[in-house]
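Reader: I'd like a close look at one part of this model, please. Walk me through it in one go, with the cut-offs spelled out as you use them.

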Amino acid sequence: MRYLNQRYTMPYKEVVGLLTDIGTEELAHMEIVAAIIHQLTRNMTMEQIKEAGLEAYFVDHTAGIYPASAGGIPWTASYIQSTGDTFADLHEDLAAEQKARKTYDNILRFAQDPDVIDPIRFLRERELVHFQRFGDALRIVQDNLDYKNFYAFNPSFDMDRTKAFD
C-alpha cells in the first residue's frame, strides 16, 4: 500500500504507473501469505497450538489472520508511510524490497513443506524484480532532472523553486 500512496506526489507518469503496478501486486502478496498462514493453522489442535508457541496469538485471534511480525509486533500504518519526497520514498522502497527478500530467504531456511516453499520462492523472485524496477524508477527521476545535485531538493514539491537550489 505504501507504493499506492506514493503515486499522489510522484511527478513522473511512468513512475506513477510503476508504483501502481507494484502496489497492486503487493496486495496480492499479502493475500498469498494470508492464505498460506490460514492453510497451515486452520486445523490445528490445542496441543499443536501450544507446541507451536501460539497460545497468546490464539487467545486474541483464534485462527484468524492478524498481520504481525514474526516477533509478534502488530502491523501498523507506519509500514506504508509516504514522505512525499520522491528520492526518500524511492530509496525506502528499494530498502523495503530487500528487507522482504531477506525475510523470504529466512522463511525458506525453516520451511519444509513444498506447498509453502514454492509460493515463498515466487514471492522472493517478485521482490527481486520490484527492487530492479524501483532502481529503474530512480533512474527515470534522475534523468528528468537537469540539476547537478538532484538530491538537493524534492522534485515532487520543489519543481518551481529549483532556482533557489542552484
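Reader: How far apart are the axes of helix 2 and helix 6, and at what angle do they cross?

Author: First, some ground rules. This is a predicted model, where local features need pLDDT of at least 70, side-chain atom pairs count only at pLDDT 80 or more, and totals for chains, interfaces and linings use all residues. Residues are numbered from 1 along each chain as its sequence is written, and side-chain values use heavy atoms, with hydrogens and water left out.

Now your pair. The axes of helix 2 (residues 13-41) and helix 6 (residues 114-143) come within 11 Å and cross at roughly 165 degrees. Helices here are DSSP runs (H or I, at least four residues), numbered from the N terminus. Axes are lines fitted to C-alpha atoms over the stretch in contact, with angles running from 0 to 180 degrees between N-to-C directions. That angle makes helix 2 roughly antiparallel to helix 6 (over 145 degrees counts as roughly antiparallel). Their crossing is left-handed, meaning that the near helix is turned anticlockwise from the far one by less than a right angle. Sort the residues of this contact by class and you get 17 nonpolar, 2 polar and 7 charged. For that sorting, Ala, Val, Leu, Ile, Met, Phe, Trp, Tyr, Cys and Pro are nonpolar, Asp, Glu, Lys and Arg are charged, and the others, Gly among them, are polar.

On to the charged side chains. Side chains of opposite charge can pair when their charged atoms come close. A salt bridge here is a side-chain nitrogen of Lys or Arg within 4 Å of a carboxyl oxygen of Asp or Glu, and by that rule the count is 7. One of them joins glutamate 25 to arginine 126, at 2.5 Å from N to O. Glutamate 25 sits in helix 2 and arginine 126 in helix 6, so this pair ties together parts that are 101 residues apart in sequence. Glutamate 25 has a relative accessible area of 22%, so it is partly exposed (buried is under 20%, exposed over 50%, partly exposed in between, with a 1.4 Å probe and protein chains only). Arginine 126, at 23%, is partly exposed as well.

Another salt bridge pairs aspartate 21 with arginine 133, at 3.9 Å from N to O. Aspartate 21 is partly exposed at 44%, and arginine 133 is partly exposed at 28%.

Arginine 139 comes out partly exposed at 44%, and aspartate 136 partly exposed at 35%.

Helix 6 has another packing partner, too. Helix 5 packs against helix 6 at about 160 degrees, with the axes 9 Å apart, and these helices are therefore roughly antiparallel to each other. Helix 5 passes helix 6 in a left-handed crossing. By class, that contact has 16 nonpolar, 6 polar and 7 charged residues.

Methods. Helices (H or I, at least four residues) and strands (E, at least two) are DSSP runs, numbered from the N terminus. Angles under 35 degrees count as roughly parallel, over 145 as roughly antiparallel, 65 to 115 as roughly perpendicular and the rest as oblique.
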